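This report goes through one protein model, from overall confidence to individual residues. Please keep the sequence and the structure at hand while reading.

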Amino acid sequence: MTIAAQTNPGLTAAEVAERVKAGQVNNLPPRSGRTTWDIVRANVFTRINFLLMALFILVLSTGSIVNALFGFLIIFNAGIGIVQELRAKRTLDSLAVVGEGKPMVRRDGVTRELAREAVVLGDLIEIGPGDQVIVDGEVIEASYLEVDESLLTGESDPMLKEAGSQVMSGSFVVAGVGAFRATRVGAESFAAQLTAEASKFSLVKSELQTGINQILRLITWLLIPVGLATVWVQWTRNQGTWQDRVLAIGGALVPMVPEGLVLLTSLAFAVGVVRLGQRNVLVQELPAIEGLARVDVVCADKTGTLTENGLQFGELEVLDGDEARIRAALAQLAGADPRPNASVQAVAHALPLDGPGWDVTGMAPFTSAKKWSGISFGENGNWVLGAPDVLGAAGGHAAERAEVVGSTGRRVLLFGEADEAVDAAGAPGKVVPRALVVLEQKVRPEARGTLAYFAEQGVAVKVISGDNATSVGAVTGSLGLDTGEVIDARTLPDDPAEFARRVGEAGVFGRVTPHQKRQMVAALQSQGRTVAMTGDGVNDVLAIKDSDLGVAMGSGAAATRAVAQLVLLDDSFATLPHVVAEGRRVIGNIERVANFFLTKTMYSIILALLVAVWQLPFPFVPIHISFVGWFTIGIPASILALAPNAERARPGFLRRVMTFSLPSGVVVAGATFVAYLLVIAPAGADATRTTQASTATLLTLMIAGAWVMIVAARPYEWWKLVMIAACGLMAFLTIFWLPYQVPGWIAAWPFLARFDPQLDPSNVALMTTGLWAGLVAAVLVELIWWFSGRFTGQRRSLWSRAEARD
């Protein structure tokens, strides 16, 4: 047991049990931000479901079961949504358990790692560099403890914490070690709010969701007056029975409801979470999936991203002095560091302590800002370890030699002796270089392929590191990365405009401070770039938080993982291409699906409005609309929503969707209404003639709607052509084969009369009229597709690049 543990042993087991019984535990919100009941409620109790349920009850009251089949959409939509979101919730929760940092809690004088929920009021929690403060508390022990509270207060400089100081959850340790006593846990702690916000399963701050909400708002405003007019006209002008009037009202109103748009949007995001989870990627904020598709520049930290986390001691190159004394001092420095970083760990492993430790009289923990650490050993001297170009004299032998060794891609540190105590105000003072510590860093084998993928996809890569610029340039050069000029960040100008220009032009930066990393992200964003920042150290926290998409390594600092939107739990840089591809699939397919449903809703509203203005009976009953929905929208949209899609997302989602869907909706509705006017049954005609007119009009709508599906599915691949052919065949059989089979089925099984689809394609003249009207609409939709692409700057092509190469 350490002296600290003897002085402050923490809570006893009995005290912990008392606090648990009293409810003084660190209960946190669900990791995914939603409970099972929240998911069920969000998928069942919706305005769309209530509207469909009301129409379902009305249509069912007529006794026509076949026309009420659309009501099963409520069950289907809710069921699919609940199942997929529960899968996503389970994925998020299980991965979050793996990815979250676990605090070191001292109880009964023994320190052990515990889950966050196991912390109770009054627990003594030990912290060190990279640790996140998980609950609010009071510092009990502190050794050069510096805490960054900028995420909470905006204060850019780390705060020195001493015994009696307060620490807030959400801050993180940048240097030193210490322990604090938990004073506020659970809902009272800021950590609860932070967890709920960081992991919330939602679509907030999303251009995509904003666009969809605007679409739904537009539809709502249009649906209310058109719906009321439709009900009035069909009830007062329709000469049929009350059942006929109800079915006409249902046939007009059901297609106006965009029931699939919200479902497939949620489905695509949920499936994206599950797919990424299968690759050990934790999605902590759902909008991150949208960000993946829009990223056009990746800022990657070298250490832990391009190179593996671990370092190996290479050699000790003595510059001045007795080698035995220098080795002993280096071993003492490494052994006395209470929370060694990767560099010091490599030294400690290669140079274990031989004999008792020297008395420590002063300590200066390493920080990325000053780039050195040191320990004063009284009469044994003041020893420092850090960047050669920071500790060594510019142009001196040590700095020049370090530059030469660093050009091979290895990490080089200067070990020197200072003339002042390391914790003095002017430390380190004059430093006498004693030796160069050379560390080997292994390049990740997958890094080259990942960088090549980004280059092929037009995504710029900028390597930002705190290491020597020459060393960083050597590593990136060995990976075949053409990043232009290699810049020492200390030479960057102070002028914001000039700073942004240099950052935009260069590709490799060394000796970058945490504050500069944050500036670089902001500079790229000011140029209209969508920035992803990857990192694993505490020096990356602020830049990751400010970036459009923060990506942390699973083995990185707890604070880094906490603020990142994505966590690569297996530390594999090669996962990023799959992550980007998944984001593009989700966003590209949602835009494609939105074209389907907005076009359907628009032509339904316009057709109902035209019928109401002309005061005609509505040409369709609900089952007719269900046929069109199944074969031209529902089935293809469900398939396309989950299909591969490699196109990078661009701003302007709403503009692109509206540019195609609104005119297409007008064309489909106009062609269908014209066909209806041409084939409508004259006054006094029998029911057969009315059914024939409805069938011919349905043929027009089916062809026009199918062509919307055909152009929205582009660029084609073989499986898309199979899907189109299958949907077309089912639509053909429904209109031209099914009506001739139904009478025989009803004769054999009379109860099937309730499932009569009310179709009759036997009138060749009327069907020919419907066919020509549908073909004209298809040509116009084709023209709209090409012109909308030119208007919005989209590249239009019939075949995917892969199919074209084949």
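## Confidence

The model is predicted, and its mean pLDDT is 83. A pLDDT of 70 or more is reached by 90% of the residues.

One runs over residues 194–204 and has 34 contacts in the model beyond near neighbours in sequence. The other covers residues 802–806, with three contacts of that kind in the model.

## Overall architecture

The secondary structure consists of 29 helices and 21 strands. Along the principal axes, the C-alpha atoms fill a box of roughly 115 × 65 × 45 Å.

The protein has 806 residues, and 55% of them are buried. Of the contacts between residues at least 6 apart in sequence, 73% join residues at least 24 apart.

I215 belongs to helix α8, which spans residues 207–237. Is this residue buried or exposed? I215 counts as buried because its relative accessibility is 0%, and the cut-off for buried is under 20%.

Leaving aside residues up to four places away in sequence, I215 touches L261, L598, L654, V657 and M658.

## Helices α26 and α27

Helix α26 takes in residues 718–736 and helix α27 residues 738–748. The two pack at an angle of about 55°, and 4 Å separates their axes. That angle makes α26 oblique to α27, since angles from 65 to 115 degrees would count as roughly perpendicular and those under 35 as roughly parallel.

On the α26 side, the contact is made by L733, T734, I735 and F736. On the α27 side, L738, P739 and Y740 take part. Sorted by class, the contact has six nonpolar residues, one polar residue and no charged residues.

## Aromatic pairs

How many aromatic pairs does a search of the whole structure find? The search gives 12. W737 and W745 form an edge-to-face pair, with 6.2 Å from centre to centre and 70° between the planes.

W737 is partly exposed because its relative accessibility is 41%. W745 is also partly exposed, with a relative accessible area of 34%. Elsewhere, F627, W630 and F631 make up one aromatic cluster.

## Cis peptide bonds

A cis peptide bond runs from A427 to P428, with omega near 5°. P428 sits in the loop between β14 (411–418) and β15 (431–443).

R714 and P715 are also joined by a cis peptide bond, and here omega is about 0°. P715 is placed in the loop that lies between α25 (687–712) and α26.

R511 is not a glycine but has a positive phi of about 55°. R511 is located in the loop between β18 (508–510) and α19 (514–526). With 5% relative accessibility, R511 counts as buried.

Q615 likewise has a positive phi, near 55°, and is a residue other than glycine. Q615 lies in the loop between α22 (575–614) and α23 (622–640). A relative accessibility of 37% makes Q615 count as partly exposed.

L798 is found in the loop between α28 (764–792) and α29 (801–805). At 36% relative accessibility, L798 is classed as partly exposed.

Which residues does L798 touch, apart from those up to four places away in sequence? The contacts are with R714, P715, Y716 and W786. R714 and P715 are the two residues joined by a cis peptide bond with omega about 0°. L798 and I74 are 724 residues apart in sequence, and their C-alpha atoms are 35 Å apart in space.

Key:
Residues numbered from 1 in each chain as written. Predicted model: local features only at pLDDT ≥ 70, side-chain atom pairs only at ≥ 80, totals over all residues. Heavy atoms only, no water. Axes fitted to C-alpha atoms, helices over the stretch in contact; angles between N-to-C directions. Parallel < 35°, antiparallel > 145°, perpendicular 65-115°, else oblique. Contact = heavy atoms within 4.5 Å. Nonpolar A, V, L, I, M, F, W, Y, C, P; charged D, E, K, R; others polar. pLDDT = per-residue confidence, 0-100. Phe/Tyr/Trp six-rings, centres within 6.5 Å; stacked < 30°, edge-to-face > 60°. Buried < 20%, exposed > 50% of the residue type's maximum accessible area, 1.4 Å probe, protein only.
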